[in-house]
Amino acid sequence: MIAGLYNYWIVILLMMTGFYVVISSGNLVKKIIGLNLFQASVFILYISIGKIANGHVPILQEGVSNYSNPLPHVLILTAIVVGVSTTALGLALVVRIRETYDSVEEEEIHRQDESL
Amino acid sequence: MISEQLPALQVVVPLIAAAFCLVLARPLGAWLITFAASAASMAVSFLMLNTVMDSGVIDYTFGGWAAPFGIAYRVDLVNAYVLMIVSTISTVVSVFARASVTSEIETHNQGFFYTAWLLCLTGLLGITITGDAFNLFVFLEISSLSSYALIAMGADRRALTAAYQYLIMGTIGATFILIGVGLLYALTGTLNMLDLAQRLPDVANTRTARTGFAFLTVGLGLKIALFPLHLWLPNAYAYAPSAVSAFLAATATKVAVYVLLRFVFSVFGVEFALGAMPLALGLAILGSVAVLSASTIAIFQQNLKRMLAYSSVAQIGYLALGVSLATPAGLTATLLHLFNHALMKGALFVALGCIAWRIGSSRLQDFAGLGYRMPWTMGAFVVGGLSLIGIPLTAGFISKWHLILAALEKGWWPITVVIIAGSLLAVIYVWQVVERAYLAKPPAETSRAEAPASMLIPAWLLAIANLYFGLHTDLSVGIASRAAASLFGVVP
């Protein structure tokens, strides 16, 4: 049970770790790191789905009839691109926030805004 | 010949125009491209709506690859209707954006602003038109990423934190949707919505199907800003540039609601989504709380953009209530409100943008005597406000009337009470503004100074549309009820 679904346990572990970091951390950069972990877990979920027992690499060759499903890999390539863009945009926003507030801590930023 | 390619053009025109905007990067040229591309997609959406009304569903396969392998676009009455709303609002608001953006955004950023605008439009139209669940996720991220950038361009420094907060919550929502789509794919081996709808009933009674459904609805709940997942919305709309507030408030959450409808009705089917799963009860409770709590919070806002943002959360509550009824009448009310809310929030945010352009503020305290200083702008604001309350002869009345009728038909009278209470709360927050603008003593040096015509005309176009669709209901109610019937699988 545990050994057979090894990948999925890793997925759940990573997902919850990432999600927890996003929620609990007050540091804006760490939140983005958490978000990355969270997304990475979904990548592994998709890739695990594509694996077929005793399946070969999905390249057409003689004498092989059982191929792994290549589609989830293609899908997740797109999702990785989306994840990278999100991280880039998020970090760009953090840079601007740091320039404006001179801090990347949520509490400090809230404190400065309340004094407005 | 070209009429066969309309579904592709719908998405490709704003996408390519966005690239041109980026290369050109001059404010006036970029604006012209944005306006032209928006107007072109509006024309395309009207042509498609016309075709769908006359001859039924349009199926389109990209590059001639048939559905299970290629990406298929499928335009039926429901998404043709939503496409029409999104592209029309983009066109009208982009007229207003020229003057508003010139005053609010630095010259060297304006090219980027219009690029992000067109990408956001591309994403919203793509989400609506696609018949492929993964393609939907990609377009969702295109529209989300560009809207984070648009919001961050607001002049107030809090725009940055608002955009950041939206980015975190929006990405969590989108990733939830991705997980949901992945689980459905694992279960059925297809991403095409039509195939999903055929294969899901056989495997509906599995934990994977239920988990996938849960991830999808929670992820969409974040995108819709359904209470209590709405926390990103008030700040995002309050600190974004005026034109962005108007555009996103009128379109972004509507498109997310459409996706929910698509998954609930077309992919999972009513029996599973609203019968076997407790979604109907959840939407009814959360929708009621959203209407009451967000309307109450709106009363206490000093920043009017923030007030309208909370009012948007309340309006989303009405949309959720319509879905929770799980009847064609309730769904008709939701689809009607989708359209009418886009009109009223568009008019209100555009009018606020005119006021921000002239007096540089959207705080209630600065509104004293504004009814005399900017009579036309405040006139449009009042019309939008009346529609928001749901006064008879305005569009807002029509959708609330249909919602109340649908609730009574189902026998859920507490919903009726919630709708009426929400409208009374709306009276309070709209009246505050009217009182301040027309009855408060204006500051000493008052002179009449209106916003330029390029801003006033869009405001009044939307205001007049609110009145027109309050009187002539054949068109909007006709399409909405036919679309609702088609979602329920009843051939109209």
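The model is predicted, so local features need pLDDT of at least 70 and side-chain atom pairs count only at pLDDT 80 or more, while totals for chains, interfaces and linings use all residues. Residues are numbered from 1 along each chain as its sequence is written, with chains lettered from A and ligands numbered from 1 in the order in which they are written.

- Helix H6 of chain B covers residues 158-188; helices here are DSSP runs of H or I with at least four residues, numbered from the N terminus.
- Its 31 residues should span 45 Å, and the end C-alpha atoms are 44 Å apart, which agrees; the expected span is 1.5 Å times one less than the number of residues.
- Because 29 of the 31 residues are buried, H6(B) is largely enclosed by the rest of the structure; buried means 20 or more other C-beta atoms within 10 Å of a residue's own, with C-beta atoms placed from the backbone.
- Just after H6(B), Gly189(B) has a positive phi of about 75 degrees.

**Ala342(B)**
- Ala342(B) sits in helix H14 (residues 328-359) of chain B.
- Ala342(B) counts as buried because it has 24 C-beta neighbours inside 10 Å.
- Leu462(B) is 120 residues from Ala342(B) in sequence, yet their C-alpha atoms are 9.2 Å apart.

**Helices H1 and H2**
- H1(B) (residues 6-24) and H2(B) (residues 27-55) pack at about 180 degrees, their axes 9 Å apart; axes are lines fitted to C-alpha atoms over the stretch in contact, and angles run from 0 to 180 degrees between N-to-C directions.
- That makes the two helices roughly antiparallel, a label for angles over 145 degrees.

Methods
A residue is buried if 20 or more other C-beta atoms lie within 10 Å of its own, exposed if 12 or fewer, and partly exposed in between; C-beta atoms are placed from the backbone. Angles under 35 degrees count as roughly parallel, over 145 as roughly antiparallel, 65 to 115 as roughly perpendicular and the rest as oblique.
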